[in-house]
Amino acid sequence: MTLIAPSGVEVLGHLEPGYRDILSHEALGFLAGLHRRFEKRRQSLLRYRKERQAELDQGALLMFPHETVDIRSGEWKVRPAPADLQDRRVEITGPVDRKMVVNALNSGAKCFMADFEDATAPLWSNLIEGQINLRDANLRDIDFTDPKNNKRYQVKDDAAVLIVRPRGWHLDERHVHVNGQAISGSLFDFGLYVFHNHAALKERGTAPYFYLPKLESRLEARLWSLVFQHAEDELGLERGTLRATVLIETLPAAFELDEILYELKDHIVGLNCGRWDYIFSYIKRLKSRPDHVLPDRSAVTMSVPFMAAYSRRVVAVCHRRGAHAMGGMSAFIPVKNDPEANAAATEKVREDKLREVKNGHDGTWVAHPDLVPVAMEVFNQHMKGPNQLERPADPHERPVTTQQLLEAPAGDITDAGVNDNIDVAIRYIAAWLGGRGAVPIRNLMEDAATAEIARAQLWQWRTFGKSTAEGVELTGPMLGNKIEDICSSIQDEVPDQAELCDRIRAAADILTELVLSTEFAEFLTLPAYDRLTSELKAPMKLMEFED
């Protein structure tokens, strides 16, 4: 059958059976409405990011905004969380493929964050099939048969609460154009999910819930608030039906926590410490400051001063405003066939979760089902209620200062740290180009955020002429040669896989460009997305499907 798209809407992505249900005339019309109403404001906010960065590069200081002091000093609270988001002590996160969706919902975690962003490479098939999987999950019409053992898995009755993370404001979805412009990736992911799932979720006594990534200011939060209100009005939903948790994973956002909560106060339920993107943002936004160069990635833990201050501030502000303060992701994952290494990784996760619950966080993240019981045990032992919103504030703890949020940690840059950053970045980008967004590498779960740290540090170290503790100067030629050497070594691991070797080569080329460029690229996923979409065909106003 043939399906005609709404006026002004063009679809470039290939069309498989089943896609027509997601890309229906009505759904595309809803997306077009979001685009036409909010695209101009989105582009304005992206320009504001660049203007703000230029000011920081010229010596401006990050600080708490003077113009919003009344918001910070006022006595107000956000709308209380719905019943099924009161207890979020352990959340599991991961991509939107069918196996992950089923396993995560059955993991025993309180919530599952289905991730269209850092854990999903934006292949067209990943995005549309991800929407199909989430629709089926909400209808409880989803299963998965493991081809290895032919075992069939279905979603249990006590499944985790589903929360969806759309892509950040900076990303386009080039497979769908409205009036000749690519639609926002954020609005594409959000729009399709809310359009197709609000009715089924309401029938089950819940609603569409979201994690909002990479916000840099209250103005970006305000845009999401307007989007939520528009969607509620268009779909006939009561105000406050759509609920969100905002990831605090950019340095500028840490200075506007009250303001972000205030802008979204009818829709927000909490803030989350997105620690890995936060470290990346620290490097990116302070990239012109030689006194803010970070040591090896492995040394930048949650115990270093600027990260500990960030965690404390999120907890303090959230609890004052009646919002949940969610902890972040430990990168450690189970180690198969090595009991000693697995025990060490498990203990690292346990220590991380213990620190979070004692700091006052209301919940935490894990990346693997086997770690749900580990985190759950820690939070069950130290958090007797559904959350810690009523936990009294420490009267001796002073408010976090600008200096504490910006204080660079001490530590070495090592040869091993340089090699690790290059190796991880190449492996991750190669996997991303192949359609995978969450990749286990040497017993750590790497996603776009951790790969961003790796390539950003290499750029930072080269830019400021740093040397390793072993005395090696990190020049452009040296890093270029090192990238080539490590690329060749990785290719040697898969000599008979030509396609994979080509992706490894492409990943090394992207990394070299990012590391040796005079200008710092905002996101590695932007040049990588150019590669993914380089073969798009001319727009198709008519979408043809086979029955």
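Which helices are among what covers the buried residues of H18? I will come back to that after an overview.

This is a predicted model, in which local features need pLDDT of at least 70 and side-chain atom pairs count only at pLDDT 80 or more, while totals for chains, interfaces and linings use all residues. Residues are numbered from 1 along each chain as its sequence is written, and side-chain values use heavy atoms, with hydrogens and water left out.

First, the overall picture. The protein has 19 helices and 17 strands. Both are DSSP runs, numbered from the N terminus: helices are H or I with at least four residues, strands are E with at least two. The C-alpha trace spans about 65 × 60 × 50 Å along its principal axes. For 547 residues, a compact globule would have a radius of gyration near 24 Å, and the 23 Å of this protein agrees with that. That radius is taken over C-alpha atoms, and the globule rule is 2.2 Å times the number of residues to the power 0.38.

Of the 547 residues, 59% are buried. Buried means under 20% relative accessible area, exposed means over 50%, and partly exposed is in between, with a 1.4 Å probe and protein chains only. A contact means heavy atoms within 4.5 Å. Among contacts between residues at least 6 apart in sequence, 78% join residues at least 24 apart.

Now back to H18. This helix covers residues 498-516, and its 19 residues reach 27 Å from first C-alpha to last, close to the 27 Å expected at 1.5 Å a residue. The expected span is 1.5 Å times one less than the number of residues. The buried residues of H18 include Cys501, Ile504, Ala508, Leu511 and Val515. In a helix of this kind, there are 3.6 residues a turn, so residues three or four places apart point the same way. As for the opening question, the cover includes helix H15 (415-433), helix H16 (448-463), helix H17 (476-492) and helix H19 (525-532).

Next, the cores. A nonpolar core is a set of buried Ala, Val, Leu, Ile, Met, Phe, Trp, Tyr and Cys residues joined through side-chain atoms within 4.5 Å. Which residues touch the most other members of the largest core? They are Phe112, Phe190 and Leu271, in a core of 119 residues. H2 supplies the largest share of this core, 10 residues. Another core lies apart from it, with 40 residues, among them Ile413, Val418, Ala454 and Leu511.

Beyond neighbours within four places in sequence, Phe190 is in contact with Leu34, Pro166, Phe210, Trp224, Val227, Phe228, Ala231 and Leu242. Phe190 and Phe228 are 38 residues apart along the chain, and their C-alpha atoms are separated by 9.6 Å.

The whole structure contains 18 aromatic pairs. Rings of Phe, Tyr and Trp (its six-membered ring) pair if their centres lie within 6.5 Å; planes under 30 degrees apart count as stacked, over 60 as edge-to-face and the rest as tilted. Phe30 counts as buried at 8% relative accessibility, whereas Phe195, at 22%, counts as partly exposed.

Phe190 and Phe210 form another tilted pair, 4.9 Å centre to centre with 50° between the planes. Phe190 lies in H6 and Phe210 in strand E10 (residues 209-212), so this pair ties together parts 20 residues apart in sequence. Phe210 is buried, at 1% relative accessibility. Both rings belong to one aromatic cluster, together with Trp169, Tyr193, Trp224 and Phe228.

Last, charges over rings. A charge sits over a ring if NZ of Lys or CZ of Arg is within 6 Å of the ring centre and within 35 degrees of the ring normal. Lys265 lies over the face of Tyr262, 4.0 Å from the ring centre. Lys284 lies over the face of Phe523, at 3.8 Å from the ring centre.
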